[in-house]
Amino acid sequence: MGMAVGQPQKTVLGKLLKALYHATIHSLPIKQATQLQYYRYHRLWPNINNPKTLNEHLVARKIAWREPADDPRLIMLSDKIAVKAHVAKVLGEEWVTPTLWRGKNLNDCPPLPFPYVIKVNHGSDRNIFVYGPDDLVGAKEKCDLWLQGRTAWRLAEEWYNHIEPELFIEPFIGENGEAPVDYKLFCFEDDIPCIQIDTARFSDHRRCFYDEHWNKLSFGHYYPMEDKELPRPPHLDAILAAARTLAQGFEFVRIDFYDKPSGPVFGEMTFSPTSGFGAFRPPSTDAWLGTFWRDNPKGRFRTSAEG
């Protein structure tokens with residue numbers, strides 16, 4: 001009986017504490033709100049004025065970016081439609097997944113061959129995999145909500161809120177209904193100390209890291225560690241070269257690719273992975289990655305294949 005009575009009380013208490021936490025976050029200036037959230041996830045107080053770890057640098061970047069004039073490139077490169085044109089100019093059209101349709105009203109989309117993926121250009125983890133007509137049930141309503149949404153104030157990734165929201169559709173590039181493996185390269189211009197690989201993202205999500213020579217690294221991040229050895233992507237050398245080209249002129253950017261039998265394909269560019277709140281295991285990994293950050297990048301931002 002004691003357990004039965006106590007469980008609802010615990011649930012109510014948990015809800016109250018969560019509401020109090022969010023009320024506190026929204027009552028604080030953005031810097032202090034970010035520091036409190038950082039402590040929640042890392043159990044460490046970040047040094048934002050003099051960042052050393054990668055995640056400290058990421059939250060410092062977020063707080064410093066308040067308007068487009070701070071760095072308009074982050075708007076264009078975080079826009080999942082606009083970045084395709086940039087990558088096509090710099091790397092070539094073959095690196096870009098074609099857009100089958102774009103617009104603001106899913107009802108305006110003509111019939112398309114299955115399978116395909118409905119996405120939005122101004123956020124993450126908002127995808128609808130359409131293998132047949134049944135997958136379109138409720139899609140219009142979901143897309144309408146996505147278009148109305150803004151990046152939460154508490155995340156402080158303000159550049160996303162300067163992207164004009166739009167839907168777009170791409171062909172499904174996986175095999176046998178399985179989403180392709182994506183390779184997320186941590187890029188500090190020419191330095192690429194690690195490559196993140198996520199497995200079973202829609203079931204038993206796990207994560208691991210390799211270096212550019214495909215040696216598995218002994219640290220984890222956010223999700224449980226993937227213990228299995230993963231095969232080296234066939235086009236890794238081309239992916240590394242492409243990532244270094246796109247990363248020029250930035251202190252840090254995570255660049256994602258897929259590797260298909262026909263060749264590698266660009267995914268996206270992310271300037272604050274997990275919003276700077278994803279804890280590495282062990283924490284010393286965060287400090288190690290922070291040593292690659294350079295406040296004054298040496299490279300020149302490329303806008304075409306010729307540079």
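The model is predicted; local features need pLDDT of at least 70 and side-chain atom pairs pLDDT of 80 or more, while totals for chains, interfaces and linings use all residues. Residues are numbered from 1 along each chain as its sequence is written, and side-chain values use heavy atoms, without hydrogens and water.

**Entry 1**

I looked up the elements. Helices (H or I, at least four residues) and strands (E, at least two) are DSSP runs, numbered from the N terminus. Two strands pair if DSSP finds at least two bridges between them.

Strand S5 covers residues 182–188 and strand S9 covers residues 253–260. I found them paired in the antiparallel sense over six bridges. I then asked: in what order do the five strands of the open sheet run? I read the order as S7-S6-S5-S9-S10, with antiparallel pairing. Strand S7 (206–210) and strand S10 (263–270) stand at the edges. Each has a single partner strand, so one side of each is left without a neighbour in the sheet.

I checked the turn next. Neighbouring strands of this sheet are turned by 25° against each other on average, direction ignored. For such angles, axes are lines fitted to C-alpha atoms, for helices over the stretch in contact, and angles run from 0 to 180 degrees between N-to-C directions.

Which helix packs on this sheet? I found helix H7 (residues 236–247), touching S5, strand S6 (191–199), S9 and S10. Contact means heavy atoms within 4.5 Å. The direction of H7 makes about 150° with that of S9.

**Entry 2: aromatic rings**

I counted ring pairs. Rings of Phe, Tyr and Trp (its six-membered ring) pair if their centres lie within 6.5 Å; planes under 30 degrees apart count as stacked, over 60 as edge-to-face and the rest as tilted. By this rule I get 24 aromatic pairs. I took one of them, Phe188 with Phe252. Their ring centres are 5.0 Å apart and their planes stand at 50°, so the pair is tilted. Phe188 lies in strand S5 and Phe252 in the loop between H7 and S9, so the pair ties together parts 64 residues apart in sequence.

**Entry 3: the four-stranded sheet**

I moved to another open sheet, with four strands in the order S1-S4-S2-S3 and antiparallel pairing. Strand S1 (101–103) and strand S3 (127–130) stand at its edges. I noted that each has a single partner strand, so one side of each lacks a neighbour in the sheet. Neighbouring strands here are turned by 15° against each other on average, direction ignored.

Strand S2 (residues 116–120) and strand S4 (residues 167–171) pair in the antiparallel sense over five bridges. Val120 has Leu167 in S4 as its bridge partner. Helix H6 (residues 139–148) packs on the sheet and touches S2, S3 and S4. Its direction makes about 155° with that of S3.

**Entry 4: backbone details**

I looked for cis peptide bonds. The bond from Phe114 to Pro115 is cis, with omega near -5°. Pro115 lies in the loop between S1 and S2. The bond from Arg281 to Pro282 is also cis, with omega near 0°. Pro282 sits in the loop between strand S11 (280–281) and helix H8 (284–290). I also noted Asp125, whose phi is near 60°, a positive value in a residue other than glycine. Asp125 is in the loop between S2 and S3.
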